Amino acid sequence: MLKKQFVLVAAVAVLTTGVAFAAVQQDKVMYKQADGTYVVNTTSLCSNVKGFKGATPVEVYIKNNKVIKVEALPNREGPKFYDKVKQGLFPKFNGMKLSKAAKAESIDGVTGATYTSRAVKENIAAAVAYYKKNK
C-alpha cells in the first residue's frame, strides 16, 4: 500500500511540475517573430489593471517603432462592450508611433465602455514601455 501511495505522489509531482512549466512557457511577455515584429503580451505585465469586470490583457505588435496592431486576449469584460473597444479603440493604434502610443491616456476611449477603454489603453502603454526597455 505504501508503495502505491509513493507512486501516486510521484506521479502528481511530475504532472504538477509539467503544468507549472507549461504555464511559464505560455506567459512569455515578449517575443520576436521571424519578420522582425515584436509581440508584447500584457497578461502578466498588467494583471492589476482592471476594466469593468477584470483584467483586459492584449498583445501589441510592434515593428519599426510603430504599433502594427493590437489583439485582444481572453478577458471577463462583457462581449458587447469589449467589441465596441476592439472596433473603436484598437484601430486607432494601428501604425501609431511608439512615442504617441506610450501616452495612450491622451487617446479618446469608446463611449459606453469607459473602464474597459482606460484599461486597454494602460495595457498598450505598458506594452510599449516594456518593449522600449527590453528590446
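## Exercises: salt bridges, rings and a core

With a relative accessibility of 35%, Lys-86 counts as partly exposed (buried is under 20% relative accessible area, exposed over 50%, partly exposed in between, with a 1.4 Å probe and protein chains only). The structure you're looking at is a predicted model, where local features need pLDDT of at least 70 and side-chain atom pairs count only at pLDDT 80 or more, while totals for chains, interfaces and linings use all residues. Residues are numbered from 1 along each chain as its sequence is written, and side-chain values use heavy atoms, with hydrogens and water left out.

### Exercise 1

Work out which side chain meets Lys-86 in a salt bridge, and where the two partners lie.

**Solution.** Start with the rule: a salt bridge needs a side-chain nitrogen of Lys or Arg within 4 Å of a carboxyl oxygen of Asp or Glu. Next, find the partner: Asp-83 meets Lys-86 at 3.6 Å, N to O. Then place them both: they lie in helix H2, three residues apart, about one turn of the helix (helices are DSSP runs of H or I with at least four residues, strands are runs of E with at least two, and both are numbered from the N terminus). Last, check the surface: Asp-83 has 34% relative accessibility, so it counts as partly exposed.

### Exercise 2

**Solution.** In one of them, Arg-118 and Glu-122 come together at 2.6 Å, N to O. These two sit four residues apart in helix H5, so about one helical turn separates them. Arg-118 is partly exposed at 36%, and Glu-122 is partly exposed with a relative accessible area of 36%. In another, Lys-69 and Glu-71 meet at 2.8 Å, N to O. Lys-69 is partly exposed at 32%, and Glu-71 is partly exposed at 30%.

Now look at Lys-69 again: its charged end also sits over the ring of Tyr-61, 4.6 Å from the centre (the rule asks for NZ of Lys or CZ of Arg within 6 Å of the ring centre and within 35 degrees of the ring normal).

### Exercise 3

Classify the ring pairs Phe-52 with Tyr-115 and Tyr-82 with Phe-90.

**Solution.** Rings of Phe, Tyr and Trp (its six-membered ring) pair if their centres lie within 6.5 Å; planes under 30 degrees apart are stacked, over 60 edge-to-face, and the rest tilted. By this rule there are three aromatic pairs. For Phe-52 and Tyr-115, the centres are 6.0 Å apart and the planes make 35°, so the pair is tilted. This pair links distant parts of the chain, since Phe-52 is in the loop between E2 and E3 and Tyr-115 in helix H5, 63 residues apart. Phe-52 is exposed, at 60% relative accessibility. For Tyr-82 and Phe-90, the values are 6.2 Å and 90°, giving an edge-to-face pair. Both Tyr-82 and Phe-90 are buried.

### Exercise 4

Describe the largest nonpolar core and find which element gives the largest share of it.

**Solution.** A nonpolar core is a set of buried Ala, Val, Leu, Ile, Met, Phe, Trp, Tyr and Cys residues joined through side-chain atoms within 4.5 Å. Here the largest one has 27 residues, and those with the most contacts inside it are Val-58, Val-67, Phe-93 and Val-120. Helix H5 gives the largest share, six residues. Buried residues of H5 include Val-120, Ile-124 and Val-128.
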